[in-house]
Amino acid sequence: MMRFVLLVLLSCALLLGARDTRAAALSVVTTTPDLAAVASAIGGDRVQVRSLSAPSEDPHWVDPKPSLALALSNADLLVAIGAELEAGWLPTLQVGSRNAKIQKGSRGYLECAELVALLEVPPGKVDRSQGDLHASGNPHYMLDPRAIERVAVGLGKRLAELDPSGRAVYLERTKQLVARLRAARARWEERLAPLRGQPVITYHRSLVYLADWLGLVIVDRLEPKPGVAPSPSHVAAVIRRAQERKVRLLVQERHHPTNTAELVAKKTGAKLVRIPSAVRFPSQDIVAFLDEIVNALAGPR
Ligand SMILES: [Zn+2]
């Protein structure tokens, strides 16, 4: 009996040891938890994934701490949203990482904005001194499952290119993620069909892809421009517009302050819905995240 117990313990130790030494084929660093969730769904245990920003952070404003540059120093692939979402902090970290593999133009750098059809791309040059954070088009496409699908396909191909021995795994897992997203999309669209055509007000210009997907009509935003805090005169104008357009719904992500939205909700009788800002990676996956948003928008059954 004793010998048997020892044998079991020994095999467990060997198994654990084997797991510890089995290093992932690729180290992937993403700028947002949403991208981390997609990379992890496709890479499985062939990749080690880390997000530079936390789900509670505004992805426009991340503190480029030395620890983040260190995280990039050994990365094989850096996955970014692009469209200048990370313009204020990522270039500093790339330089600080001293890692040639993940610099712009290298195969170890993937800017997912190139994979999706961007909305709100300005026709001319935008004066950034006026505080507009979306000077290259709207970067908040990860709230649309159709865009996530395109990101997944592009990311799967890039992982396969960087780690050819895992090619079959990456392509199969991409296929599985796309199938899950499509099945869930049918369910989400059915559940939110009553919101189609509804006028809504948002805080930041961050829900345009969500609105485009679900047929919501965004009539105004609490920020006069992306990244510019609401002023009293702008808020007064928003309240007038909300009353004219009979807005019943205010939607904003949890990382934005709520005082202005609460005031507008009170003045207009509209309901304020706060949705999660990003996937709680690694405990949550991208489908569960969108489920949470759909549930918040649908309200109590
Ligand atoms: Zn933005």
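Domain bounds here come from an automatic or database domain assignment. I began with them: the chain splits into domain 1 (25-187) and domain 2 (188-298). Taken over C-alpha atoms, the centres of the two domains are 24 Å apart.

Before going further, I noted that this is a predicted model, where local features need pLDDT of at least 70, side-chain atom pairs count only at pLDDT 80 or more, and totals for chains, interfaces and linings use all residues. Residues are numbered from 1 along each chain as its sequence is written.

Domain 1 brings 36 residues to it and domain 2 brings 28 residues. On the domain 1 side, the elements giving two or more residues are helices H2 (33-43), H5 (145-162) and H6 (167-191); helices are DSSP runs of H or I, at least four residues, numbered from the N terminus. H2 gives the most to that side, with seven residues.

Then I turned to the largest nonpolar core, which has 72 residues. Such a core is a set of buried Ala, Val, Leu, Ile, Met, Phe, Trp, Tyr and Cys residues joined through C-beta atoms within 7 Å, and buried means that 20 or more other C-beta atoms lie within 10 Å of a residue's own. H2 gives the most here too, with seven residues.

Val38, Ala39 and Val79 have the most contacts inside the core. I followed Ala39: leaving aside neighbours within four places in sequence, Ala39 is in contact with Val28, Thr30, Val47, Val49, Val79 and Leu155.

Technical notes. Two residues are in contact if their C-beta atoms, placed from the backbone, lie within 7 Å. A residue is buried if 20 or more other C-beta atoms lie within 10 Å of its own, exposed if 12 or fewer, and partly exposed in between; C-beta atoms are placed from the backbone.
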